[in-house]
Amino acid sequence: MIELAAELAGLRQAGLHRQRRLLAGPQGVRPRIDGRERLAFCSNDYLGLAAHPAVIEALRESAARDGVGSGASHLINGHHQAHEALEEALATFLGRERALLFSTGYMANLGVIQALCGRGDQILADRLNHASLLDGAQLSQARLRRYPHADTERLRALLGSSRAEGSLIVTDGVFSMDGDLAPIPALAAIANATGAVLMLDDAHGIGVLGANGRGTLEHAGFHGDEAQAAVPILIGTLGKALGTFGAFVAGSAELINFLIQRARSYIYTTALPPALASASLAALRIAAHEPERRDHLQRLINRFRAGAHTLGLALADSPTPIQPLIAGDVDTALRWSRFLEDNGFLVTAIRPPTVPQGAARLRITFSASHADADIDRLLDTLAKLPNSAPKESQ
Ligand code: PMP
């Protein structure tokens with residue numbers, strides 16, 4: 001077993017010791033932290049729904065009517081009509097036969113991969129996929145083969161020329177730390193040509209991308225049956241653009257029925273509180289019917305990118321609200337984050353192992369709740385970023 005004191009000392013020494021910040025009041029772009037208001041650019045509340053009055057009211061009403069705890073797992077007696085209504089709405093929204101709620105995105109990825117793959121199968125995974133996809137692959141005991149980020153040539157080579165039934169290709173839709181998009185058309189063509197199945201984790205795309213907010217697939221021009229055929233297994237989360245909590249898998253009725261029988265992280269855990277499902281349903285309606293939130297968000301992203309370009313900041317190839325500024329070493333990332341904090345902002349430094357060694361960064365994210373003036377204030381401060389760093393821990 002790990003020697004705790006030595007391990008913690010090592011993390012501190014390397015600038016990798018993490019600390020949580022204590023938030024008071026609602027999630028939003030102006031959280032109160034340690035008693036002080038900050039202008040935050042690090043939440044995944046992309047549409048500004050986490051504290052939306054209609055979402056709060058749906059939660060309140062449902063809790064008053066349905067109680068708080070769901071009492072048991074879905075297969076015992078925890079499956080509530082609020083869950084069912086949300087599953088149906090998600091399936092309709094995404095043009096799929098069915099959807100299945102999981103308690104978190106992490107658990108959805110573990111459960112789906114472990115249920116679908118086992119010894120004798122192979123999983124092909126983008127090297128920058130979210131940790132939960134990697135953990136799911138390891139749990140499944142299938143052979144895990146990671147290809148360099150978005151490198152479809154390497155993926156094709158790994159699959160070889162023979163048919164690859166028994167192979168699952170797994171990718172983030174929007175890469176969570178870089179904001180760039182998976183090469184969906186190329187991945188779908190490879191899956192189609194080889195017989196492999198493509199699974200997409202669109203945690204950061206759903207609600208945000210596409211004219212209707214249907215995510216990375218809609219953005220890439222895949223709709224309805226074509227989207228289902230290209231990506232039979234679609235994962236989405238509720239805790240990001242939808243502003244609530246939980247996750248889902250969307251796909252064929254057969255897939256969902258199978259997962260209900262076999263996904264261990266679905267079967268052996270307490271169902272989400274029904275009131276959270278009710279709140280998510282309210283959020284989904286807003287996300288679907290208020291495209292102006294996405295339009296505003298897109299304008300903010302454009303404004304930031306244009307301003308950052310003028311400042312000569314190195315931007316990532318990201319069309320999404322995730323706009324990282326790569327610092328490289330941990331100390332510089334921490335110094336930048338601290339500098340922003342001293343100037344009234346909150347932008348967390350992201351360090352290894354969340355990102356690769358040498359790629360520590362500020363992960364700047366935008367929300368439809370930001371105003372143009374917020375972006376300008378951020379840019380004004382980024383213009384003064386110090387670029388070298390004494391060692392410090394955060
Ligand atoms: N997939 C991706 C790509 C993510 O970024 C995250 C959240 N960080 C998850 C899955 C996990 O979702 P949840 O927070 O609901 O567990």
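The unreviewed UniProt entry lists Gly105, Tyr106, Ser176, His204 and Thr237 under "binding site". In the predicted model, these residues gather at one spot, because no two of their C-alpha atoms are more than 13.3 Å apart although they span 133 residues in sequence.

Two of the listed positions were examined further. Ser176 lies in the loop between β8 and α8 (184-194). It has 22 C-beta neighbours inside 10 Å and therefore counts as buried, the cut-off being 20 or more. Apart from neighbours within four places in sequence, Ser176 is in contact with His130, Ala203 and His204. Thr237 belongs to strand β10. With 25 C-beta neighbours inside 10 Å, Thr237 is also classed as buried. Leaving out neighbours within four places in sequence, its contacts are Gly105, Ala203 and Ala247.

The shell around the ligand consists of 14 residues, of which Thr104, Gly105, His130, Ser176 and Ala203 come nearest. By class, three are nonpolar, nine polar and two charged. Helix α5 (residues 105-116) supplies three residues, the largest share of this shell.

Strands β5 and β11 (residues 247-251) run antiparallel and are joined by five bridges; Leu100 stands opposite Val249 in β11.

Conventions: Residues are numbered from 1 along each chain as its sequence is written. This is a predicted model: local features need pLDDT of at least 70, side-chain atom pairs count only at pLDDT 80 or more; totals for chains, interfaces and linings use all residues. A residue is near a molecule or strand if its C-beta atom, placed from the backbone, lies within 6 Å of it. Helices (H or I, at least four residues) and strands (E, at least two) are DSSP runs, numbered from the N terminus. Ala, Val, Leu, Ile, Met, Phe, Trp, Tyr, Cys and Pro count as nonpolar, Asp, Glu, Lys and Arg as charged, and the others, Gly among them, as polar. Two strands pair if DSSP finds at least two bridges between them. UniProt positions are given in the numbering used here, feature names are shortened, and annotations may be inferred rather than shown by experiment. A residue is buried if 20 or more other C-beta atoms lie within 10 Å of its own, exposed if 12 or fewer, and partly exposed in between; C-beta atoms are placed from the backbone. Two residues are in contact if their C-beta atoms, placed from the backbone, lie within 7 Å.
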